[in-house]
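Grab your viewer and work through the exercises below. Each one sets a task and then walks you through a solution.

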Amino acid sequence: MEISMSLLMSEVIGHRGVASLAPENTLAGIRKAAELGLEWIELDVTLLGDGSAVMFHDPRLNRTTNGRGHLKKQTFDSVKSLDAGGWHSGQWQGERVPQLDETLRLIKDLGLGLNLELKPNRCDLHLLVDRVVTALERENFPSDKLLVSSFNHKALVLFRRRSEYRIGCLFETLPRSWRHKAKQVGAVSIHVNAKKLKEAGAKNVKSAGYELYCYTVNDTQLFSRLKGWGVDGIFSDCPQDLK
């Protein structure tokens, strides 16, 4: 009898939405992912200075908006009118920085899966986790459509204390302590920089029973090599070219 193995996420996951086609961490990027037929996307959540949970990657506004300055010095009132799309292309001019609640609602409405990365950016970890858990519970976000990850292990420890949602441990390179850290937070997956992963490390993760995902993969040759090592899925800026 053939046994069907279903992944926690999907083989190709849109990185920050679909970063090559739409501005990252925006509602436009989420809609573009759905339009392409993607099943899962990855987005970053962080806090502004007033404690507002928003979808944003960097610690500063400069790269992906027409604003300037550190997020810690911002309020949502000061950020909500910024252009978070024009930097990508004129097509997206006027796209704004979304709040976590509206983002979760849109993703839920579109039936997408979400890898939500906790991005501390030097904010209060307890408050970040509280805001995320509260929003997930308020929106009744489906547990089979969510996986929470972070490079910050303490953030994952705090999140596990508050929630039963699935966790993935996120690393730049696979540390010697990865098994201990994964076990400590009850992780179901390990996420590693594709360019830093070795075949032996991939085999170790898989043999330990974890699913393995790699970021950020934008070419078919690397994708093929990783699949040969047993990697379950990849995050890509251009998933439309790899699906």
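**Exercise 1. Work out the helix and strand content of residues 10–243, and how far apart the end C-alpha atoms sit.**

Step 1: run DSSP, taking helices as H or I runs of at least four residues and strands as E runs of at least two, numbered from the N terminus. Over residues 10–243 you get 32% helix and 20% strand. Step 2: check the ends of that stretch, where the C-alpha atoms are 10 Å apart. Step 3: look up the record; an unreviewed UniProt entry lists residues 10–243 as "domain: GP-PDE", though such annotations may be inferred rather than shown by experiment.

Ground rules: this is a predicted model, where local features need pLDDT of at least 70 and side-chain atom pairs count only at pLDDT 80 or more, while totals for chains, interfaces and linings use all residues. Residues are numbered from 1 along each chain as its sequence is written, and side-chain values use heavy atoms, with hydrogens and water left out.

**Exercise 2. Find which residues touch the most other members of the largest nonpolar core.**

Step 1: collect buried (under 20% relative accessible area, 1.4 Å probe, protein chains only) Ala, Val, Leu, Ile, Met, Phe, Trp, Tyr and Cys residues, joined through side-chain atoms within 4.5 Å. Step 2: the largest set has 61 residues, and F159, I190 and L226 come out on top. Helix α4 (residues 125–138) gives the most to this core, namely seven residues. Step 3: list contacts (heavy atoms within 4.5 Å) for F159, skipping neighbours within four places in sequence; among them are V129, V132, V133 and L136.

**Exercise 3. Decide which residues of helix α3 (residues 100–110) are buried, and what they pack against.**

Step 1: Step 2: trace their partners, which are α1 (27–36), β2, β3 (53–55), β4 and α4. Step 3: go just past α3, where G111 has a positive phi of about 75 degrees.

**Exercise 4. Sort the residues lining the largest cavity by class.**

Step 1: on a 1 Å grid over the protein atoms alone, a cavity is a set of points where a 1.4 Å probe fits but cannot get out, and lining residues have an atom within 4 Å of a point. Step 2: the lining includes E24, M55, F56, H57 and R96. Step 3: count Ala, Val, Leu, Ile, Met, Phe, Trp, Tyr, Cys and Pro as nonpolar, Asp, Glu, Lys and Arg as charged, and the others, Gly among them, as polar. That leaves five nonpolar, four polar and two charged residues.

Definitions and conventions: Buried < 20%, exposed > 50% of the residue type's maximum accessible area, 1.4 Å probe, protein only. 1 Å grid on protein atoms, 1.4 Å probe; cavity = no way out; pocket = protein on both sides within 12 Å on 5 of 7 lines; lining within 4 Å.
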